[in-house]
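User: I would like a close look at one part of the chain shown here, with the wider fold as background.

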Amino acid sequence: MAESSPTAPNPTSSSRRLPDFLQSVRLKYVKLGYHYLITHGMYLFLSPLMVIVAAQISTFSLHDLHDLWDHLRFNLISVVLCSTLLVFLSTVYFLTRPRPVYLVNFSCYKPEEARKCTRQTFMERSTLTGSFTNENLEFQRKILERSGLGEDTYLPEAVLNIPPNPSMAEARKEARTVMFGAIDELFAKTNVKPKDIGILVVNCSLFNPTPSLSAMVVNHYKLRGNIVSYNLGGMGCSAGLISIDLAKNLLQVHPNSYALVISMENITLNWYFGNNRSMLVSNCLFRMGGAAILLSNKRSDRSRSKYELVHTVRTNKGADDKCFSCVTQEEDADGNIGVSLSKDLMVVAADALKTNITTLGPLVLPVSEQLIFLATLVAKRFFKMKIKPYIPDFKLAFEHFCIHAGGRAVLDELEKNLQLSEWHMEPSRMTLYRFGNTSSSSLWYELAYTEGKGRVKKRDRIWQIAFGSGFKCNSAVWRALKTVNPAKEKNPWMDEINNFPVTVPKVSAI
């Protein structure tokens with residue numbers, strides 16, 4: 001018996017090592033075929049029926065039509081009753097259906113060049129404060145090297161000063177700069193006058209002065225006296241979509257109105273100078289930024305609006321102390337206040353996401369995905385079959401994903417759990433790299449990136465996902481009303497959009 005050469009390939013072992021590409025391609029097309037069949041099943045079912053009805057109608061003669069007319073004429077009461085019922089039901093439908101909510105336009109604040117903070121500058125300023133131990137300085141360095149942040153993020157003046165001078169006056173200065181900068185650009189884009197605004201919602205989690213931030217906006221722009229004004233605080237990075245949901249509900253009861261939503265976070269008074277490591281992480285991730293969004297329920301605004309709001313879903317998993325401890329503002333033993341990020345964060349975030357997509361899934365997923373999900377659920381619960389839970393393919397429901405750029409770990413988990421591609425994750429990763437974690441406004445920097453790349457086409461669907469303290473997971477679904485032309489856009493990416501995407505290494509040494 002001949003001895004095989006040690007260098008000769010073994011077909012059997014090769015087939016075990018390499019993936020069966022032919023089989024995977026076949027499965028891909030089987031799934032696409034199944035999705036197409038289920039999605040268009042109603043049309044496929046009705047087409048033969050319509051053909052039969054058309055064939056039957058084509059056999060009608062003038063005499064048959066005359067007999068039908070006589071039948072209706074001698075049953076006038078039935079005809080009138082049916083017509084009245086039809087008119088009544090149509091009236092009830094049009095009066096009770098929700099008012100459409102349009103996103104006319106939005107703007108994201110881009111700080112001036114003097115506010116830029118490289119990672120090296122961050123480490124130098126942290127060292128010069130004299131507040132941190134050598135071990136915790138090294139800890140911050142390691143966090144930054146793995147954070148996914150680039151060299152062009154922004155910090156407020158009070159934090160970059162030597163020595164830092166955080167104060168109420170500096171915090172108000174940062175708030176005015178960010179809010180008014182975004183609002184001024186938004187008014188210039190939309191040609192809407194401040195007096196036209198009927199609803200104002202401002203969200204900032206950690207800075208809640210008196211008078212409030214919403215009062216600052218009302219006074220600065222001389223908004224009308226009967227404006228419906230809300231100031232949301234303490235809700236974390238997911239508050240931006242809570243504000244959108246609140247504005248949507250208010251627009252249902254205030255006809256012909258504009259709603260101005262402002263999402264931001266304040267860094268100045270929330271910079272941590274202690275040595276609690278769970279609080280130091282927020283220093284490394286959070287950066288300066290904010291966004292202003294103009295919503296309308298006027299049907300006349302549809303033609304000039306960019307998007308229509310389709311769904312909002314809010315999930316709060318903070319019913320117990322463990323969840324509330326994941327993202328909190330705390331005071332350490334030395335009296336330093338900071339944002340604490342718990343090690344349980346990813347576990348609770350995954351649980352909140354699961355609850356959120358369970359609610360959102362039936363609203364947006366095609367029937368083909370819902371049937372597979374239902375079959376898997378029935379097999380596990382009723383037949384006790386040991387099979388993995390089916391993760392729906394949300395790429396069949398959405399063309400674009402804007403996932404809160406809270407940190408690299410969150411984005412990695414979402415990419416894996418939702419089975420998204422690098423292309424889908426690009427807006428979130430590039431936003432984290434370029435602007436850092438801008439809290440509730442990060443979703444709008446991501447949408448601006450998508451627009452700047454010329455990716456938004458008419459009828460595209462966008463899914464915004466935000467995570468925040470509580471622990472909350474909130475979603476908003478938008479449908480594009482037009483193809484966005486990047487050549488006509490003014491957003492913080494446009495003067496450098498051709499430089500992206502960039503490769504972000506897992507570890508980037510400082």
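What percentage of the 510 residues of the chain count as buried? After that, which residues of helix 16 and helix 17 make the contact between them, and which residue in the loop between them has a positive phi?

Analyst: This is a predicted model, in which local features require pLDDT of at least 70 and side-chain atom pairs pLDDT 80 or more, while totals for chains, interfaces and linings use all residues. Residues are numbered from 1 along each chain as its sequence is written, and side-chain values use heavy atoms, leaving out hydrogens and water.

Of the 510 residues, 46% count as buried (under 20% relative accessible area; exposed is over 50% and partly exposed is in between, with a 1.4 Å probe and protein chains only). The chain has 18 helices and 13 strands (DSSP runs, H or I of at least four residues for helices and E of at least two for strands, numbered from the N terminus). Counting contacts (heavy atoms within 4.5 Å) between residues at least 6 apart in sequence, 80% join residues at least 24 apart.

Now the part in question. Helix 16 covers residues 408-417 and helix 17 covers residues 422-435; their axes are 11 Å apart and the packing angle is about 170° (axes are lines fitted to C-alpha atoms over the stretch in contact, and angles run from 0 to 180 degrees between N-to-C directions). The two helices are therefore roughly antiparallel (over 145 degrees; under 35 is roughly parallel, 65 to 115 roughly perpendicular and the rest oblique). Helix 16 contributes Arg 408, Leu 411, Asp 412 and Glu 415 to the contact, and helix 17 contributes Glu 422, Met 425, Ser 428, Arg 429 and Leu 432. Five of these residues are charged, three nonpolar and one polar (Ala, Val, Leu, Ile, Met, Phe, Trp, Tyr, Cys and Pro count as nonpolar, Asp, Glu, Lys and Arg as charged, and the others, Gly among them, as polar).

The loop between helix 16 and helix 17 holds Gln 419. Phi of Gln 419 is near 55°, a positive value in a residue other than glycine. Most residues other than glycine have a negative phi. With 44% relative accessibility, Gln 419 is partly exposed.

At 1% relative accessibility, Ser 439 is buried.

Helix 18 (residues 442-452) includes Thr 450, which is buried at 2% relative accessibility. Setting aside residues up to four places away in sequence, Thr 450 touches His 400, Pro 427, Arg 455 and Val 456.

The axes of helix 6 (residues 119-129) and helix 7 (residues 134-146) come within 11 Å and cross at roughly 165°. Helix 6 and helix 7 are therefore roughly antiparallel too. In helix 6, Arg 119, Phe 122, Met 123, Ser 126 and Thr 127 take part, meeting Leu 137, Gln 140, Arg 141, Leu 144 and Glu 145 in helix 7. That contact divides into four nonpolar, three polar and three charged residues.
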